[in-house]
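Here is a short briefing on one protein chain. Look over the sequence and the structure first, then read the points below.

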Amino acid sequence: METRKEQKERRRQEIIYTALELFVSKGYAATKITDIAKRANISRGLMFHYFESKENLYEELIRMGVEGTTYPGEQKCEHAIDFFVNFTEELFAYMKEQPATAKFFVLMAEAQRSEATPEHIREIAMKVNVIEQFVPIVEWGQQEGTIKEGDPLIISNAFWCSVQGIAERFATNQDIALPKAEWIVDIIRRK
């Protein structure tokens, strides 16, 4: 039997993922706290027991998104190109297993560009710059001859724009088949 503490945490997680769904589908500005409470099947008053405000809930989600971007440095590969292949395969597999992952791509992108995002939350979201994080890996691959020549920032951007687009599409339709990781990595692979 679930303890009170476990019930409270389960309910909190339900609220978080309900809010994620709504923020992705409607946007932060258009989502009302009553929308979240109704979809989570709780009262508006109980909603405030878990989160002080819609802004507080949004900030929690953005912090989760930032935390989720710490992954790339954890991989150990012999070659840079292998890093990109492994990373992409694992990301796509995880998106299939946990579709909310793709929704975080949408959420973070909107938080970074939307004028409706509260400034302090935008600042948190802007801490995520995976394009710059991957530049040293691109440079490593260029030095070993596995990644094409050119500006490493532009190459990293091309890779990440592809991943972002795929994640955004998958966020709205989990029935689509994800491409093979090799197809995406071929964008940056030296031929």
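Predicted model: local features only at pLDDT ≥ 70, side-chain atom pairs only at ≥ 80, totals over all residues.

The chain has 191 residues. Its secondary structure comes to 11 helices and zero strands.

**Whole chain**
- Read from the N terminus, the elements run α-α-α-α-α-α-α-α-α-α-α.
- The C-alpha trace spans about 60 × 40 × 30 Å along its principal axes.
- Of the 191 residues, 44% count as buried.
- The chain exposes about 10700 Å². Carbon and sulfur atoms supply 50% of that area.
- Take the contacts between residues at least 6 apart in sequence: 66% of them join residues at least 24 apart.

**Annotated spans**
- UniProt, in an unreviewed entry, lists "domain: HTH tetR-type" for residues 9–69.
- In the model, residues 9–69 are 75% helix and 0% strand. The end C-alpha atoms of this span are 23 Å apart.
- The unreviewed UniProt entry also carries the annotation "DNA-binding region", which covers residues 32–51.
- Residues 32–51 are 70% helix and 0% strand. Here the end C-alpha atoms lie 13 Å apart.

**The largest pocket**
- Its volume is about 870 Å³.
- The lining of the largest pocket counts 28 residues. Gly65, Gly68, Thr69, Phe104 and Phe105 lie nearest the centre.
- Which helices each supply at least two residues of the lining? They are H4 (54–67), H5 (80–97), H6 (100–113), H8 (130–133) and H10 (152–172).
- H6 gives the most, with seven residues.
- By class, the lining has 18 nonpolar, nine polar and one charged residues.

**Leu57**
- Leu57 sits in helix H4. H4 is also among the helices that supply at least two residues of the pocket lining.
- Is Leu57 buried or exposed? Leu57 counts as buried because its relative accessible area is 0%, and the cut-off for buried is under 20%.
- Beyond its neighbours within four places in sequence, Leu57 is in contact with Ile15, Ile16, Ala19, Ile36, Met47 and Phe51.
- Leu57 and Ala30 are 27 residues apart along the chain. Their C-alpha atoms are separated by 14 Å.

**Thr18**
- Thr18 is found in helix H1, which covers residues 4–26.
- With a relative accessible area of 13%, Thr18 is buried. That value falls under the 20% cut-off.
- Neighbours within four places in sequence aside, Thr18 is in contact with Ile36, Arg39 and Ala40.

**His79**
- Where does His79 lie? His79 is in the loop between H4 and H5.
- His79 and Lys180 are 101 residues apart in sequence. In space they are 19 Å apart, C-alpha to C-alpha.

How values were computed:
Residues numbered from 1 in each chain as written. Heavy atoms only, no water. UniProt positions renumbered as here; feature names shortened; annotations may be inferred. Helix = DSSP H or I, 4+ residues; strand = E, 2+ residues; numbered from the N terminus. 1 Å grid on protein atoms, 1.4 Å probe; cavity = no way out; pocket = protein on both sides within 12 Å on 5 of 7 lines; lining within 4 Å. Points joined across faces, edges and corners; volume = space filled by probe spheres on them. Nonpolar A, V, L, I, M, F, W, Y, C, P; charged D, E, K, R; others polar. Buried < 20%, exposed > 50% of the residue type's maximum accessible area, 1.4 Å probe, protein only. Contact = heavy atoms within 4.5 Å. Areas by Shrake-Rupley, 256 points an atom, 1.4 Å probe, with all protein chains shown as cover.
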